[in-house]
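Biologist: I would like to learn how to read a model such as this one, feature by feature. Could we look at it together?

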Amino acid sequence: MLHLRLITPAEKTDDVVRLIEKTVGATHLVVMPGAARSPAGDVVTCDVAREAGDELIGELRKLDLDKTGSIAVENIDLSLSERADKAEDDAPGEGVDAVLWEQLTDATHEESTLSVTYLAFITLATMIAACGVVLDNAILIVGAMAVGPEFGPLAAFSTAIVQRHPRLALRSLNAILVGFAVAMLVTVGFSYFMDSVSLFSDEQLDALRPNTNFIYRPDWFSFVVAVLAGCAGTLSLTSAKSGALVGVAISVTTVPAAANAAVAFSYNEYQQAWGSTEQLLLNLLGIVLAGTLTLLFQKWFWRKRP
């Protein structure tokens with residue numbers, strides 16, 4: 001269930017109440033006339049089944065409530081109420097399958113911000129992965145994948161395509177391109193430093209590396225895994241199953257590929273650098289394609305629901 005807290009201008013309160021009352025899956029309606037001070041107006045609260053939440057929020061926005069008042073949405077962890085149980089039963093579909101598009105857009109907008117924290121995480125992840133590829137250490141590679149924050153802007157880019165938000169798409173693309181560019185540039189400098197203190201060497205990079213040589217040898221399996229991970233990651237965002245994102249993060253070799261390209265470039269190993277770059281681009285394409293198709297399917301599916 002979702003809890004909605006609305007601030008409505010007095011002249012729109014009756015329209016808002018009628019809208020909630022006719023919404024299948026809404027219950028626990030409370031109206032507090034004149035309770036709001038900034039902005040001034042009435043406070044209306046209600047609970048609504050998650051699967052009916054997106055439609056109700058959309059109708060409230062048509063009343064310009066997001067401009068003249070306020071719409072706040074919270075997840076209810078526990079609701080002991082027969083009315084709430086009936087509301088969930090009456091609403092079509094399952095709550096875990098429902099997509100709150102406004103919430104998704106807002107969440108991915110935040111994730112796609114090119115902030116100092118984002119740059120720090122992606123740079124540190126790439127440097128950890130650089131140590132992993134030189135040492136042929138799979139544990140370091142997995143750790144770098146888990147630290148990498150790149151799935152956020154990738155998911156935001158897919159959301160922007162489906163929701164037709166060009167500004168969000170440009171913002172996300174900027175975060176992806178600038179983030180990887182800065183991370184790889186810093187990792188090149190990091191490789192020079194590690195070589196100067198004899199911790200990295202050309203011989204280590206040219207070794208067979210059975211645990212990590214797949215990073216600069218892209219193939220169709222890489223693309224298939226990226227597509228599957230993109231689907232899983234998008235579903236975890238739309239269904240609020242955020243725990244699955246950890247599995248997604250350690251499934252796709254985006255950060256390790258960027259790290260291997262940076263280290264190989266520092267040693268003039270251009271064949272490895274190009275192979276790693278191909279791996280990186282292939283994985284990014286697979287995630288974006290899968291995320292976009294998953295969101296399009298979900299939008300089509302919910303439009304077909306009664």
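Biologist: Which residues does Ala262 touch, not counting residues up to four places away in sequence?

Modeller: Before the answer, a word on the source: this is a predicted model, in which local features need pLDDT of at least 70 and side-chain atom pairs count only at pLDDT 80 or more, while totals for chains, interfaces and linings use all residues. Residues are numbered from 1 along each chain as its sequence is written, and side-chain values use heavy atoms, with hydrogens and water left out. Contact means heavy atoms within 4.5 Å, and with residues up to four places away in sequence left aside, Ala262 touches Met184, Thr187 and Val188.

Biologist: Where is the place of Ala262, and is Ala262 buried or exposed?

Modeller: Helices (H or I, at least four residues) and strands (E, at least two) are DSSP runs, numbered from the N terminus, and Ala262 belongs to helix H13, residues 254-266. A residue is called buried under 20% relative accessible area, exposed over 50%, and partly exposed in between, with a 1.4 Å probe and protein chains only. Ala262 has a relative accessible area of 1%, so it counts as buried.

Biologist: How should I read the sheet, and what is the order of its strands?

Modeller: Strands of a sheet pair through backbone hydrogen bonds, either parallel or antiparallel. Two strands are taken to pair if DSSP finds at least two bridges between them. Here an open sheet of 4 strands has the order S2-S3-S1-S4, with antiparallel pairing. Its edge strands, each pairing on one side only, are S2 (26-37) and S4 (70-75). Strand S1 (residues 2-8) and strand S3 (residues 40-48) run antiparallel and are joined by 7 bridges, and within this pair Thr8 has Asp42 of S3 as its bridge partner.

Biologist: Which helix packs on the sheet?

Modeller: For directions, axes are lines fitted to C-alpha atoms, for helices over the stretch in contact, and angles run from 0 to 180 degrees between N-to-C directions. Helix H2 (residues 50-62) packs on the sheet and touches S1, S3 and S4, and its direction makes about 10 degrees with that of S1.

Biologist: Why are Asp15 and Arg18 separated by about one helical turn?

Modeller: They are separated by about one helical turn because they lie 3 residues apart in helix H1 (residues 13-21). Asp15 is partly exposed at 33% relative accessible area, and Arg18 is partly exposed at 49%.

Biologist: What happens in helix H2, where Glu59 and Lys62 are 3 residues apart?

Modeller: Glu59 and Lys62 are likewise about one helical turn from each other, and they form a salt bridge whose closest N and O atoms are 3.4 Å apart. Glu59 is partly exposed, with a relative accessible area of 29%, whereas Lys62 is exposed, with 63%.

Biologist: With which residue does Asp66 form a salt bridge?

Modeller: Asp66 forms a salt bridge with Arg61, the closest N and O atoms being 3.1 Å apart. Asp66 counts as partly exposed at 31%, and Arg61 is partly exposed at 35%.

Notes
Salt bridge = Lys/Arg side-chain N within 4 Å of Asp/Glu carboxyl O.
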